[in-house]
Amino acid sequence: IYGLVETNRGRGSIAEFVQDYDGRPSRQLHTCVEENILDIGAAEEMLAEFFAWADRCAVALVTANIDNFLCQFDREGRRRLVMIDGFGPASMNLKWRIRLALPALTRLRTSKTRQRVMSNWQRWSSDRGNGAASHTKG
């Protein structure tokens with residue numbers, strides 16, 4: 001992430017394009033499961049590790065959209081989860097300033113986001129088992 005910059009939609013963060021070792025775009029986590037690149041248990045383990053890191057580091061997460069999680073592969077076949085959107089608030093109001101100043105409040109917010117992500121993931125998983133192609137945003 002390069003930090004906050006002015007964009008045509010206000011201030012925002014700019015990051016590099018997420019790609020695998022071979023230059024191809026990294027796929028969404030659920031796509032890797034759909035294409036049998038990962039089993040669902042491995043994907044859920046990656047999500048759990050990601051949220052443990054976010055909790056440990058008091059990272060403010062706000063989106064529950066499972067489309068925002070990518071699986072990036074390196075040359076040795078190791079994988080890592082990358083979240084491409086949903087860090088921090090859309091606008092920095094007083095509530096968010098307080099939340100970010102107090103790590104316990106940030107962790108509480110991230111915990112709620114984790115619950116929503118996992119609920120959306122379970123809904124996607126259930127829909128997948130029923131043959132539906134549903135991507136839940138939230």
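I take buried as under 20% relative accessible area, exposed as over 50%, and partly exposed as in between (1.4 Å probe, protein chains only).

**Model.** This is a predicted model, so I note that local features need pLDDT of at least 70, side-chain atom pairs count only at pLDDT 80 or more, and totals for chains, interfaces and linings use all residues. Residues are numbered from 1 along each chain as its sequence is written, and side-chain values use heavy atoms, with hydrogens and water left out.

**Confidence.** I looked up pLDDT (the predictor's confidence in each residue, from 0 to 100). The protein chain averages 85, and 88% of the residues score at least 70. Residues 132-137 fall below 50; this stretch still has 14 contacts (heavy atoms within 4.5 Å) in the model beyond near neighbours in sequence.

**Rings.** I searched the whole structure and got 5 aromatic pairs. Rings of Phe, Tyr and Trp (its six-membered ring) pair if their centres lie within 6.5 Å; planes under 30 degrees apart are stacked, over 60 edge-to-face, the rest tilted. Phe50 and Phe69 are edge-to-face because their planes stand at 80 degrees, with centres 5.6 Å apart. Phe50 is in helix α2 (residues 40-56) and Phe69 in strand β4 (residues 69-73), so this pair ties together parts 19 residues apart in sequence. Phe51 and Phe69 make a tilted pair, 6.2 Å centre to centre, with 55 degrees between the planes. Both Phe51 and Phe69 are buried. Ring pairs join Phe50, Phe51, Trp53 and Phe69 into a cluster.

**Thr113.** Is Thr113 buried or exposed? Thr113 counts as buried because its relative accessibility is 0%. Leaving out residues up to four places away in sequence, Thr113 touches Leu61, Val62, Thr63 and Ala64.

Methods: Helices (H or I, at least four residues) and strands (E, at least two) are DSSP runs, numbered from the N terminus.
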